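Here is a short report on one protein model. Look at the picture first, then read on.

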Amino acid sequence: MTSLGASIAVPEAIEAASQILPQFVEIGALQKYASRVIAEVCESEAGFVTASCSAGLTIAVAGTMTGPDLGAVERLPDTSRLKNEVLIQTGHLINYGAPVDQAIRISGARIVPVGQSTTGRRYQLESAITESTAAAVFVISHHAVQYGLIQLDEFIEVCHARNVPVIVDAASEYDLRRFLALGADICLYSAHKFMGGITAGIVVGKREHVRHAYLQNIGIGRGMKVGKEGILATAATLQAWVKRDHAADRQRQNANLVCWQDAVAGFAGIRTEILPDPTGNPLSRLRVSVDPAQAKVTAWELADLLSQAERPVIVRDDEIDQGYFEMDPCNVRDNETDIVAKTLRTAIATAATQSTHKPTPVHERRNRNAAALLNWPE
Ligand SMILES: *Cc1c(COP(=O)(O)O)cnc(C)c1O
């Protein structure tokens with residue numbers, strides 16, 4: 001989503017940003033106000049706004065290493081005199097556009113992976129904790145392995161038994177309370193994803209831990225600073241989020257999915273399924289599976305056709321090598337539902353008229369993205 005501008009901002013966020021941009025403010029006081037709003041909405045003790053969830057992860061980890069020592073804050077990423085090991089399950093070592101372990105490592109922390117890609121066991125976590133353990137990070141994401149790993153409640157139980165603080169990366173989760181209620185010391189969210197804020201990250205949790213993360217603003221957090229507009233807009237976004245009619249949103253989204261499903265019904269080699277979000281967000285998506293022998297197009301070629309349409313349709317392509325992509329019903333305006341349906345139908349129909357089809361290997365598409373980056377700005 002980041003490469004698409006993250007989100008369509010809600011009016012409350014835009015209003016708040018434009019109201020504060022022409023003024024001076026005391027940032028400390030503004031962050032104090034944000035702390036009250038965040039704490040109330042998330043039913044926790046304190047919070048603040050930073051540049052992004054990724055920034056939040058870096059400075060939250062940093063805070064667990066420095067504590068209240070301002071000298072240590074200034075010495076980072078030198079952690080030679082600090083506890084500096086951070087535990088994370090191997091199945092959580094994802095890439096959300098950048099590697100999650102890098103966001104942790106740039107604080108100066110050392111990553112200690114726990115378990116294997118699809119295996120996480122209590123004994124592995126217990127055995128990984130040492131005198132040098134500063135924190136443990138738990139990632140909630142559709143990119144993470146969804147089975148075979150230690151669940152959050154047991155993860156917290158094991159860590160807290162040894163006084164290891166737990167940081168939860170919940171960047172894209174709708175639930176702003178559950179992980180903190182389970183005992184997480186710090187929870188991190190993106191303001192600009194499902195909530196529709198402007199680009200920012202939310203750090204929330206227990207007062208001391210949040211304060212120690214906040215201190216990093218005079219250290220490594222400086223390069224991750226958020227502007228006054230991001231702070232106020234995030235507070236406004238949270239207030240709008242709790243007032244939103246989520247049931248009505250869901251109904252509208254489900255109607256989009258059914259519309260798109262109907263649009264492709266009957267095409268040879270195209271199969272659709274409405275699937276719930278893998279991490280339990282109250283949201284479904286349309287999975288479009290493509291049999292290239294019948295449809296005369298591969299899933300990745302179809303995704304490219306959609307992205308090259310006059311009104312580009314960008315699909316979720318994380319698992320496209322499996323022969324399918326997913327369509328997200330969020331952030332689609334009412335008048336856009338039919339445009340998406342028509343674009344989808346046209347692309348599939350055009351492919352079907354080809355007399356022959358020679359599939360392109362999926363790696364070509366993936367490598368093309370890296371090549372495009374290396375060629376930027378041309
Ligand atoms: C998107 C995402 C991030 C990064 O969030 P930003 O606010 O864009 O920095 C971190 N972790 C997970 C699990 C994500 O999905």
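## Terms and source

Two strands pair if DSSP finds at least two bridges between them. Helices (H or I, at least four residues) and strands (E, at least two) are DSSP runs, numbered from the N terminus.

This is a predicted model: local features need pLDDT of at least 70, side-chain atom pairs count only at pLDDT 80 or more, and totals for chains, interfaces and linings use all residues. Residues are numbered from 1 along each chain as its sequence is written, and side-chain values use heavy atoms, leaving out hydrogens and water.

## Strand S5 and its partners

Strand S5 covers residues 166-169. In S6 (residues 186-190), a parallel partner of S5 over three bridges, cysteine 187 is the bridge partner of valine 168. S5 also runs parallel to strand S4 (residues 133-139), joined by four bridges. There, valine 137 stands opposite isoleucine 167 of S5. From S4 the chain passes through helix H7 (residues 152-161) to S5, a right-handed β-α-β crossover. Right-handed means that, with the strands pointing away from the viewer, the path from the first strand over the helix to the second runs clockwise.

In a regular strand the side chains alternate between the two faces of the sheet. Both faces of S5 are covered. Val166 and Val168 are buried on one side, Ile167 and Asp169 on the other. Buried means under 20% relative accessible area (1.4 Å probe, protein chains only).

## A three-stranded sheet

Strands S8, S9 and S10 form an open sheet in the order S8-S9-S10, with antiparallel pairing. The edge strands are S8 (270-276) and S10 (324-327), each pairing on one side only.

S8 pairs with S9 (residues 284-290) over seven bridges. Glutamate 273 has arginine 287 in S9 as its bridge partner.

## Around the ligand

How many residues surround the ligand? There are 14 (a heavy atom within 4 Å), and the closest are Cys53, Asp169, Ser190, His192 and Lys193.

Polar contacts are pairs of N or O atoms within 3.5 Å. Aspartate 169 has a side-chain N or O atom 2.6 Å from a ligand nitrogen. Serine 190 places a polar side-chain atom 2.6 Å from a ligand oxygen. Serine 54 has a backbone N or O atom 3.0 Å from an oxygen of the ligand.

## Cysteines

A disulfide is a pair of cysteine sulfur atoms within 2.5 Å. The count is zero.

Technical notes: Buried < 20%, exposed > 50% of the residue type's maximum accessible area, 1.4 Å probe, protein only. Polar contact = N/O pair within 3.5 Å; in protein donor to acceptor, adjacent residues only side chain to side chain.
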